[in-house]
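Biologist: I would like to learn how to read a structure like this one, feature by feature. Could you walk me through it?

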Amino acid sequence: MALRHAVLAALLAGDGSDGDGRGEYSGYQLAKAFDIGVANFWHALPQQLYAELAKLEKEGLVAGRQVVQEARPNKRLFRVTEAGLAELEAFAAAASKVSFIRDDLLVKVQVADSVDNGPLIEQLEERASLAEAKIELFGKMLRKMRGGLDEEEFLRRGDRIGPYLTCLRGLALEQENRDWGLRVAAVLRERRASHVER
C-alpha cells in the first residue's frame, strides 16, 4: 500500500459529506483525522500528508478548492474525485501483502536475558499506558460513530461501516498491546526480584 491510498481513504471519511459519501478535509483536518483514525494502521507525518495531497491533486485524484475566511488565513479543502475513487477501487481489488511487525521494543524484549531489565520494564509499562489512552480514544470514537445504536445494530445497518471496522481493529490491537506489555513487565519484574534474592 502506498501513502496515497491511505490519504484517499481518510478523505472519504471526511466530515462535511454532501450525501455522496465523500466529505472534504483541509490539510490540517486530514492530519488530525490521520492521527486519530488512520494512524492505527498507517503512520505519516503532517508534512508527508501535505506533500501527498499536492501530488494527488496534480494527478487529478483529489480536487481542492479555496475557502476564503475573514478573520483567519484562507484554507483549501480537498475531496476525492471520480478518478480517485477508481484508484481506490483498483487498490481494493488487488491482492494484499502480508504485513510484518517492526518494533524496537520487541527487539529489546528478545535480549531481555542479556541486558538490565529495569529500563525495559519501564518502557513496557509506558507502552501499556499509551495503549490504555488509545483504548479510551477508540472507545469514544466508536460510540460517536454508532450514535444511539448498540454495536450489533450498527454493524447490521449503520452508515460508514469501513471506518468503524478499522477502529475496531485499532481497539483490539491496543488492548493486546496493553495486556502484553503489562504481562511481560510483570514477568521480568518477578524474575528480576527472584534473581536478586538468590
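Biologist: What share of the contacts in the protein chain with a separation of 6 or more comes from residues 24 or more positions apart?

Modeller: Please keep in mind that this is a predicted model. Of the contacts with a separation of 6 or more in the protein chain, 57% are accounted for by residues 24 or more positions apart.

Biologist: Thanks! How many helices and strands does the protein chain have, and how do the elements run from the N terminus on?

Modeller: There are 8 helices and 3 strands in the protein chain. Read from the N terminus on, the order is α-β-α-α-β-β-α-α-α-α-α.

Biologist: What radius of gyration does the protein chain have, and what would a compact globule of 198 residues have?

Modeller: The idea is to set the value beside that of a compact globule, which for 198 residues would be near 16 Å; the protein chain has 21 Å. For the extents, look at the C-alpha trace, which spans about 70 × 45 × 40 Å along its principal axes.

Biologist: And the surface: what is the accessible surface of the protein chain, and what part belongs to carbon and sulfur atoms?

Modeller: The accessible surface comes to about 13,100 Å², and carbon and sulfur atoms hold 54% of that. As for the interior, buried residues make up 34% of the 198 residues.

Biologist: How many positive and negative side chains does the protein chain have, and how far apart are the centres of the two sets?

Modeller: Count 29 positive and 31 negative side chains, with the centres of the two sets 2 Å apart.

Biologist: Let us look at single residues, then. Is E52 buried or exposed?

Modeller: The cut-off for buried is under 20% relative accessible area. E52 has 10% relative accessibility, so E52 counts as buried. You will find E52 in helix α3, residues 46-58. Not counting residues up to four places away in sequence, E52 touches L3, R4 and V7.

Biologist: Which residues is E174 in contact with, leaving aside its neighbours within four places in sequence?

Modeller: E174 is in contact with A131, K134, I135 and F138 when those neighbours are left aside. E174 lies in helix α8, and its relative accessibility is 8%, so this glutamate counts as buried.

Biologist: How is a pair of aromatic rings described?

Modeller: By two quantities: the distance of the centres and the angle of the planes. In this case, a search of the whole structure finds 1 aromatic pair. F154 and Y164 form that pair, with 4.6 Å centre to centre and 50 degrees between the planes, and the arrangement is tilted. The pair links distant parts of the chain, 10 residues apart: F154 is in helix α7 (residues 151-157) and Y164 in helix α8 (residues 161-197).

Biologist: Are the two partners, F154 and Y164, buried or exposed?

Modeller: F154 has a relative accessible area of 3%, so F154 is buried. Y164 is buried as well, with a relative accessible area of 0%.

Biologist: Where is R160 found?

Modeller: R160 sits in the loop between α7 and α8. Check its backbone too: phi of R160 is near 55 degrees, a positive value in a residue other than glycine. The relative accessible area of R160 is 40%, so R160 is partly exposed.

Biologist: Which residues is I161 in contact with, apart from its neighbours within four places in sequence?

Modeller: Those contacts are F154 and L155. I161 is found in helix α8 and, at 30% relative accessibility, counts as partly exposed.

How values were computed. Residues numbered from 1 in each chain as written. Predicted model: local features only at pLDDT ≥ 70, side-chain atom pairs only at ≥ 80, totals over all residues. Heavy atoms only, no water. Helix = DSSP H or I, 4+ residues; strand = E, 2+ residues; numbered from the N terminus. Rg over C-alpha atoms; globule rule 2.2 N^0.38 Å. Buried < 20%, exposed > 50% of the residue type's maximum accessible area, 1.4 Å probe, protein only. Contact = heavy atoms within 4.5 Å. Areas by Shrake-Rupley, 256 points an atom, 1.4 Å probe, with all protein chains shown as cover. Lys, Arg positive; Asp, Glu negative; His and termini not counted. Charge placed at Lys NZ, Arg CZ, Asp CG, Glu CD. Phe/Tyr/Trp six-rings, centres within 6.5 Å; stacked < 30°, edge-to-face > 60°.
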